[in-house]
Amino acid sequence: MSGQGRITDVPGIGKKSAAELDVLGIHTLLDMVRFPPRTYDDRRDERLLSDTSPENPSIACRITVLSHSQFPSKRSGMTLKAVCEDDEGRRIELLCFNRPFLKDMLKLGSSWYITSSAVERGRNGVYSTASFELKRTKTEAGIGRILPVYPLTGSITEKMLRNASAFALEVLSPFPDELPEGIYQRLSLMHHDDAYRKIHYPSDDNDIKEARRTLAFTELFLMELSVLRERKGGEKNRGTITTSEKKLIASLPFSLTDDQLKAAMEIRSDLDSGTPMNRLLQGDVGSGKTLVAWIVALHEIAKGHQVAFMAPTELLARQHAEGASALLSSLGIRIAFLTGNVKGQGRRLLLESLRNGTTDLVVGTHALFSEDVSFRNLKLVIIDEQHRFGVQQREALKAKGMETSILSMTATPIPRTLALTLFADLDVSTLHTMPSGRIPVRTYLVSDEKRDDMYKSIAVEFQRGHQAYFVYPRIDDEGESSLRDVTHMHEVLRNKYPGIPSALIHSKLPEEEKIRILHDFREKKIMYLVATSVVEVGIDIPDATCMVIEHADIFGLAALHQLRGRVGRSTLPSYCFLVFGRALSQEAKARLSVMKETNDGFRIAEKDLEIRGPGEIAGDRQSGFLKLRFASLTSDLDLIELARAEAERIAKEDPGLLSLENAPVRKALKEKN
Ligand code: ADP
Ligand code: MG
C-alpha cells in the first residue's frame, strides 16, 4: 500500500473538488479509505412502485419502457415523457426536462435499472418522477448492495465520494495489518484489509459493526499507546506515613475516608519515585480533596522541599491559606500567602523567603508564577480546580523550568472515557466516596409560582441557625443586567427576611470587601449571601444548607453541580432549589432533570458529555487528541478500556515495539505522527 496516491488521481476529481475535499480532511487516497461513512443506504432490497409511501418515496428496481411522447416544456426546450412499468406491472412516467435526446436511449421495450428517491403519485394514481438515475445492470445501479453515505461539503456529491472510495480501495489494497496478530485473535477483530473494505462497502449489518469495532479499537489503541510511550516510567514503592502526617491526621476532628487515604498513598509513592509526578486527583465537590493535598504537602516538606498551592481565585486562595495555617502551623510549617494584591515591602519580604527557603508552603493565585517569583527548592505544585486554569498558565509553570511534580485537583469529574483517553498521560486518583455522615442534597425544581413555598422553607432553616446562598447568573462579562438583578433581589429578600443579616457579593466588589464578607459569613455574622456565580468554586461553609439558583435553566450542568456542591458539606440535611421561568428549552429541561435525578458528579459528567459532546468538555486538551474518526467517546467505553489494557501490556512488554509481532504497530504509529 502506498499512502502517496493523491485524491486527484481519482478520475473526475480535479483541483476544484480537491480544494473542497480539503475541508473534509481528504488529501490522499488513504485519507479517503480512512474517511468513515456517516451512515449507509441500504439498497439490498429492490423497491418497487408499490413499496413507495409519502415517507419513503424511493424506488430501486427494473423497469421496461412502454412508450414515449414529447411536448414543449413550460420554460424552454422539449420535454420527453417516457412511460415505463415495473416488474409488477405498475406504471411510472419519467419526465426528462430538456433531455429529449434520452428518447434514443430509452428504446421501446428496453429494460433499465432505475433508482430514484423522489417518486410522486398524482391524484389520478399515476406515479411519476423527474429525478432518477438509469443503469444497465443491477450492480451499476447499486441494487442488491449497501452503499456508503458520506458527509458532504460544497459541491461534492455522494456519487463523487463513492467513486473515490471505490477507486482508493482498489488502488491501495491489500491493506497491511495495523495490529499484532495476537490482538486480532484475542479480540476477534477483522484484519484491516477486510475492515477498510467493509466499512465502505459492507454486505450486511454485521460487517458494518465488526469493521467499525476494529477501526475504532485501532484508533484508540494507537492513541493510548503513543501517550503511554511518552510517559516516563519508574517503579513505585509505597512509603509509610511520616510523623508529621500522623500528627496532622490525629489533629482532625474526623477520620480520613478510605479513598482519601488511598489517594494520599498513591500520590506519596509517585513523589518518592524519583521522576516528576503528573497526577490528577478527582473527586466530587465536597469529597475532601484539600485535605489530601495538605497531607502530601507535608510529605514533601518533610523532605526539605517547598510546595506551592495555586487556586483560581483570590477568595479561594485566601480560604485555603487560612485552612492551611489552622491545620499546619502547629506542626511547624511556615506558610505564606501570595496574590497579585500583595505588594510593597510585604511582597519583597515574602519573595525573599521563597528564594531563601524560609517559607515551606505558599498558597496563592496564578500570581505565584509571575516573573519576579523564584523558589529555592520547589518540588511540588498543587493546582486546585485545575479546569479553571488555561493552558497558558500551566505552560507558564513549566516554562519556569522546574523539575516539579504536579498534582492537579478537579471537582469536575471527567467521564471515564475522557479520562482514559484525554488524560492518558496523567495518573488519576479518585475520591469516590464522600466523608461519612453526609446526607445527599435534596434538589427541588421550583417554578416561578412556587417561589413562596421555597422562601418559607428557607425561613425555617434560618431559625435553625443555618445559612443560605441565593445565586443569580452572570449573563455577560459586563454583568450589568445581572448585577441589577442581584441588587434588586437583595431588596426583595431583605423584605422577606427582616432582621436577618445578609450581604451582596459579586465580582465587581473590591477583593478586600469580598474577603470580609466571606469571613463574616463563615462567622455567621451574615446568614445569607446574594451572589453572582463568584461562589461557584471551592467555597466551603459547612453550616450553609440552602442553595437557591435563580434562572437555573441558563446554567450549564457543570456549573449547577459546582454551585449545589456549596451545600451538603456537613452532616446537616441541605437543599438546592433550582428556580426557572416558564419556557424551558429541551436542553434546559434535560439539564434540570439530570440535576434532580442525581447528586453523583460522575453521572452528571456523563450526561453532560451526552448533551454537549466531548469537544466542549475537553476544552484545552481537545486539540489533536480528539480527532477520532471511528471511535466515539460517548459510547465506546468498553473498547476504550480494552485498548488501554492492550496498550499498557505492549508498552510494558515491548516499549520499543521492536518485536516482529509488533512491527505493524510501529509502522502505524510512525505514520500517524
Ligand atoms: P472538595 O473536594 O470539594 O475540595 P473540601 O476539601 O473543601 O472538598 O472538603 C469539604 C469539607 O469536608 C471540608 O469542610 C472538610 O473539612 C471536610 N472533610 C474533608 N475530609 C473529611 C472527612 N474524612 N470526614 C469529614 N469531613 C471531611
Ligand atoms: Mg476544593
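User: How many disulfides does a search of the whole structure find?

Analyst: In general, a disulfide is a covalent bond between the sulfur atoms of two cysteines. Here the criterion is a pair of cysteine sulfur atoms within 2.5 Å. A search of the whole structure finds 0 disulfides. Please note that this is a predicted model, in which local features need pLDDT of at least 70 and side-chain atom pairs count only at pLDDT 80 or more, while totals for chains, interfaces and linings use all residues. Residues are numbered from 1 along each chain as its sequence is written, chains are lettered from A and ligands numbered from 1 in the order in which they are written, and side-chain values use heavy atoms, with hydrogens and water left out.

User: Which cysteine sulfur is nearest to that of C61, and how far away is the nearest one to C96?

Analyst: For C61, which is in no disulfide, the nearest cysteine sulfur belongs to C84, 10.0 Å away. C96 is likewise in no disulfide, and the sulfur of C84 is the nearest to it, at 8.4 Å.

User: Is C61 buried or exposed?

Analyst: A residue is buried under 20% relative accessible area, exposed over 50%, and partly exposed in between (1.4 Å probe, protein chains only). C61 counts as buried because its relative accessibility is 0%. C96 is buried as well, with a relative accessible area of 0%. Across the protein, buried residues make up 50% of the 673 residues.

User: How many helices and strands are there in the protein?

Analyst: Both are DSSP runs numbered from the N terminus: helices are H or I with at least four residues, and strands are E with at least two. The protein has 24 helices and 22 strands.

User: At what angle do helix 8 and helix 10 cross?

Analyst: Two packed helices are described by the angle between their axes and the distance between the axes. Axes are lines fitted to C-alpha atoms, for helices over the stretch in contact, and angles run from 0 to 180 degrees between N-to-C directions. Helix 8 (residues 243–251) and helix 10 (residues 289–302) cross at roughly 155°, and their axes come within 9 Å. They are therefore roughly antiparallel to each other; angles under 35 degrees count as roughly parallel, over 145 as roughly antiparallel, 65 to 115 as roughly perpendicular and the rest as oblique.

User: Which residues of helix 8 and helix 10 meet?

Analyst: Contact means heavy atoms within 4.5 Å. S244, E245, L248 and I249 of helix 8 meet W294, I295, L298 and H299 of helix 10.

User: How do helix 11 and helix 17 pack?

Analyst: Helix 11 (residues 314–328) packs against helix 17 (residues 511–522) at an angle of about 50°, with the axes 10 Å apart. That angle makes helix 11 oblique to helix 17. From helix 11, E314, L315, R318 and Q319 meet E511, E512, K514, I515, L518 and R522 of helix 17.

User: Where is G25 found, and which residues does it contact?

Analyst: G25 lies in the loop between helix 1 (15–23) and helix 2 (29–33). With a relative accessible area of 24%, G25 is partly exposed. Leaving aside neighbours within four places in sequence, G25 is in contact with D31 and R629. The C-alpha atoms of G25 and F35, 10 residues apart along the chain, are separated by 8.5 Å.
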